[in-house]
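Thanks for coming. Please keep the picture open while I talk.

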Amino acid sequence: MNALHSIIFGCVFTASVLMSHCKSQATSTQSTEALPDNFIGFDSVPDKVVDGSVVRVRYQCSRPCRLGVEVVVSALRKTDLVVFRRKWISSVPQVNRIHQVPLRLPPSISYQPDFFNRNILDMQSMTVRAFLDYFKNGTELSTYRRSVLRVYKVLQIMPLSERPSKPPTECLSWWAQLMWQLTDDRIHQCPHESDIIDLLKFPLASTGEHFGVVRRLQPFIDGALERARLHAVTQPSVALSVWVYLLKRCHRKLCGIVHRIDRKKSYDSILLQLTDTGNIVVQARMTTGKDGAFLINVALPLWKWIRLDCFIQHSKVLLDTTWDDETRRHECHFQDSIHYDDTDGYFVIGGGKYIPGIHGYFGPIKYYRFGTAQTDNPLHPKSTLQELEKTHQECQEIKAFTKAFCKEVAENRSLSPNNKGVCTSDFYPLWGQLKDRKKTCSQTWTWKLQQQFSTLYHLLQTKEEIIQTGSLGVKQLGRLLFELAVAELFSVERTQMSITSQSMASLQVSSCFGNHRASLLLASIHLAGLGRPANQQQAHVYSLIGAAHDDRFALMHVGYKHSQGIDGFPEDLDMAYSYYSNVGSQSGVDASRIHESKQYLPEHIYLENKEDLERMTQDEASDVFQYLKYEAERGNMEAQKRIGTMLQWGQNGIPKDLERAMKWLERSAMQMRDPTAMYDYSVLMIQGKGVKRNRTRGFRLLEKAAKMGSINALNGLGWYHGTILNDHKNATKYFEKAASSGNVDAMFNLGLYHLTGKIPGKPWANESAAFRLFLNASRFGHVAASVEAAWYLSTGSLEGVSRDVQRAVIILKKVCEQNGHLGFMIRGALQAYLQGSWQEAFVKYVLAAETGLGLAQSNTAHLCEELNLSYDCQWRYHNYSILNYDPHPSGEFISFHFALTPILSLSLSLSLSVSLSLSIWPLNSKYLSSFIALLKMGDHYYYYSSSAQEDSLSLAERAISMYSRAALAGSPQGMYNLVALAHQGHILPPSVLRSFNVSQRDEQEAVMEKILKRCAEIEEGEGASPCSLALLGLQTRKALRSVTQNRAQLALAYASLLSVFVIIVVVPVQSCLEHRGGVIAHGAQTLGHGGVDLNREQDGISGRPFRAAGNLRLTALNGRRWLRQTCDLAVTLSGLCFFAFWTTVLYHFL
């Protein structure tokens, strides 16, 4: 009995302890608002997570209150995730009540994974909690954190293997169930992540300007690695290994090697800079927020590859510099630990927006996010870097040789071979003794150098007299060598390209002398294998040399190759942006000098288009120009403006003549009837281009043009008020009005005002508004706006603007292809072609084609065909033309913008627009030039697939892809070729089927018929076109097949064939009968006229023969008449059968 009392007492005591524990949890969180009569606690709670289990809550409120129950879970990446919540209101005070809450949990935490329940939450903890709160302000919501009383209980986590299976709600198909069983047990692993990153694998040419490569690093996907990285932000341990090659000293006090910009657009750790004396500055930001820097005296040499290894260890930075196999270590100790977060902001290799870069090259760059004791970044002996160094060393020898030669000539020494003062070969020692020379050879070069640079030496000998006068410099020598090499590229017959070693040597020397058209031509020869075996490594060397020396074409060339990932250049949009941004900035400056004789608006004239070629052959003696001149002299304003425009921009083969152009433009503007002409002339008057500067008169003309409705004039007034009068209030008003009407200059100018904080009443920088305006202006080809918008897209530094490097590259590429110097090259190539100098045209088109210009690539391929060069030449450039983002823009609005200063000034442009027709198909003006490359590439793949033994299917698919692109662009030839391939059994891509409203379920003939119908519609009005004939044949075969599938119609078909036979047989018989019937009738008539009356013959011997003969004739006549009637009936029936048959065929045909 005592034992029983003890057990009962223990149970009661344990229960009281548990209740007091729950109650203490509830009351321990009471606030000052809680009253003694308020209470909340769990009456019963399940120990494990089970969907549908019930939680009983006991509570008491002193006044009307609001209560709730929540289930909260925590996972690896998420905490306090509410998966269930239920609230209710208690309006009865001072009553102890119990409320039951059934738990309805999501399947992701309640059941095992299956086909319908795939996103399983791996829980680490689970808590059920309840809360009590009063009504506050009538609207404030009650939450667990803000409640008066709250209570919770931690539940046990049910392992994934012990969870129940979810009852099925629908049945799986056999295929889905099989795939689920195959992948059910697969363990998904995180992708491999390395803490070693190659920031740069391919050499980068740096021009010493603000156009470096931007790299952004992302946080680790792996949680452990990311936690380790975040832990190292205040205690960093990272390493960076950089190869650099210096061509010149820094032209500023500091030049960037590698630096990092944080999200606040300020320098962050680590910053490596080069001084103008070759020393290095190491700068870092410490955890205290202060910046520290050290100057390391190393005096880096020129013309050598140097490796910089930087190790960051807490508050210490170690820098190892290595060249000529010798390493020097330098230590920098900062006062505090370095703050280092490599995901905050972006890295810049070389020059950035705020600091110029080095002038030289960057080699491989490796970055160790968790540090390393020793970097592994060797310079391979047979790499492009070593070839680059070797080429520059040879250039130094060539320059030294030329300098020595010019020095000797300047001292009035004739160095021709016939002079006694020349150094001769060691093989002729007796020659000097026999001549008893008095002079001693003082040349600074040897016979070996003369032989090595024989081409240069012979050229220098021929130019001795000019060198003595000092009028022939190194650049002129480079130009002469380039012209000499180009003239020798082709044989005399112009049918074969032959590049000798002498021509290559001339180009190499020309490149050394700073003519980087020669560098680009060397790269093109090595890449395309023009006259020599292809050599990508040498091509890369000369591409980088041209780009490092800031040549526009070379920069576009390397940028284009990196954007496409072709010719051995890795696909790297960041590097492509680096090069294109340089050319884009130069294009902005070039646009302000577009009136120079070395610049022309790019005219998209294709050599296949005979109409455009005829238009380009016009000159001032042509009938068109003379007629315009006649009308202009009579006062025709449109003719005056047209002649002025042609002379101003050099259009239609007319050379530029700015002085004459201004006279005609002035006459058209001064008529005060055309606001566009008035605006154009006022801009030229304000800028003083071609006419004496007169800002006051130009401003008045602007005002008149604006009053007459010129939107460009509104922008001009804003520019005048902002730049000349410094009246930003009125300038903003005009800019906003012009921008709202679509003026691109006004968009840029207004964006610039937002960027610099010049908007009245808003004296702060608004980059978001500026970016939107820059982006809108870039869509219309505004050069400066495109450069600015591309920078924001490439860095992703503006909040709300995601990083999109590809879009930035596309924007800049389009801008660069409108460069005036590129237009001058294209014009020169076209003029050479029209004059019959095809080898010169070929070289110039090749140089332009290597920049990525689709026009030049198409024309180069055309010349490869006309000059009978290798088929690979045609294939290469046709292939490149179809790889472009926008190979052949048609009818674009081209506007060139003129800034008064090179760096972000207000934009003021002429309103000239040039709309160029691209109808170039020789036989049909409806064909576009882009079709030709696609069709020829399709032919290349198709015919090569028919002869190739391997991968013929993939080649056929490529052919289908080329034809499909041409067909989707509207090419009838492409559509016809697709039908031919479909007829052969090839499957057309779904995109093509959708574009022609064809389903994949349709039969082959239905697909072919719809494509041919679209093709025939495009060719409408061209007579019997191939597509219309093919469609007719297809529909005829289809109708005949439909007829033969029905027995009655098949019998009718046979009857029609029989009718044809009957007609063939009966018609000649009927013709013969008609002929004989005529003969018999003639005989009967003759007999009647002879006195014999057959009807009234009397009895007698003499009358009987006559009567018998008459009866025979009547019988024959009746028989022939019956036979004739039978033939007529047969012909009629045959005709009816034939007509019925073809009526049935026509019914099926239609």
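Ring pairs link Tyr 245, Trp 305 and Tyr 361 into a cluster. For this talk, rings of Phe, Tyr and Trp (its six-membered ring) pair if their centres lie within 6.5 Å; planes under 30 degrees apart count as stacked, over 60 as edge-to-face, and the rest as tilted.

Before going on, the ground rules. This is a predicted model, in which local features need pLDDT of at least 70 and side-chain atom pairs count only at pLDDT 80 or more, while totals for chains, interfaces and linings use all residues. Residues are numbered from 1 along each chain as its sequence is written, and side-chain values use heavy atoms, with hydrogens and water left out.

Now the overall numbers. The protein has 39 helices and 22 strands. Helices (H or I, at least four residues) and strands (E, at least two) are DSSP runs, numbered from the N terminus. Of the 1150 residues, 48% are buried. Buried means under 20% relative accessible area, exposed means over 50%, and partly exposed is in between, with a 1.4 Å probe and protein chains only. The protein exposes about 57,300 Å², and carbon and sulfur atoms supply 54% of that. Accessible areas come from the Shrake-Rupley method with a 1.4 Å probe; for residues, only the protein chains shown count as cover. As for contacts (heavy atoms within 4.5 Å), take those between residues at least 6 apart in sequence: 65% of them join residues at least 24 apart.

Back to the rings. By the pairing rule, the count comes to 17 aromatic pairs. In one of them, the rings of Trp 791 and Tyr 792 have their centres 5.0 Å apart and their planes at 75°, so this pair is edge-to-face. Are these two residues buried or exposed? Trp 791 is buried, at 10% relative accessible area, and Tyr 792 is buried too, at 2%. Another edge-to-face pair is Tyr 877 with Tyr 880, at 6.2 Å centre to centre and 85° between the planes. These two tyrosines are 3 residues apart in helix 31 (residues 871-883), so about one helical turn separates them. Both Tyr 877 and Tyr 880 are buried.

Some of these rings also have a charge over them, meaning that NZ of Lys or CZ of Arg is within 6 Å of the ring centre and within 35 degrees of the ring normal. The charged end of Lys 353 sits over the ring of Trp 791, 4.4 Å from its centre. For the ring of Tyr 877, the charged end is that of Arg 876, 5.4 Å from the centre.

Leu 812 is in helix 27 (residues 805-816) and is buried, with a relative accessible area of 0%. What is Leu 812 in contact with, leaving aside its neighbours within four places in sequence? Its contacts are Tyr 577, Tyr 580, Ser 581, Ser 786, Val 787 and Ala 790.

Next, a strand. In a regular strand the side chains alternate between the two faces of the sheet. In strand 19 (residues 346-349), Tyr 346 and Val 348 point one way, Phe 347 and Ile 349 point the other way, and all are buried. Two strands pair if DSSP finds at least two bridges between them. Strand 19 pairs with strand 10 (residues 213-215) in the antiparallel sense over 3 bridges, and there Val 214 has Val 348 as its bridge partner. Strand 12 (residues 254-261) also pairs with strand 19 in the antiparallel sense, over 4 bridges, and Val 258 stands opposite Ile 349.

Last, some backbone details. Ser 269 and Ile 270 are joined by a cis peptide bond, with omega about 5°; Ile 270 is in strand 13 (residues 267-275). Asp 324 is not a glycine, yet has a positive phi of about 55°. Asp 324 lies in the loop between strand 17 (316-323) and strand 18 (326-333) and is exposed, at 51% relative accessible area. Asp 567 also has a positive phi, near 55°. That residue lies in the loop between helix 14 (552-564) and helix 15 (573-591), and at 13% relative accessibility Asp 567 counts as buried.
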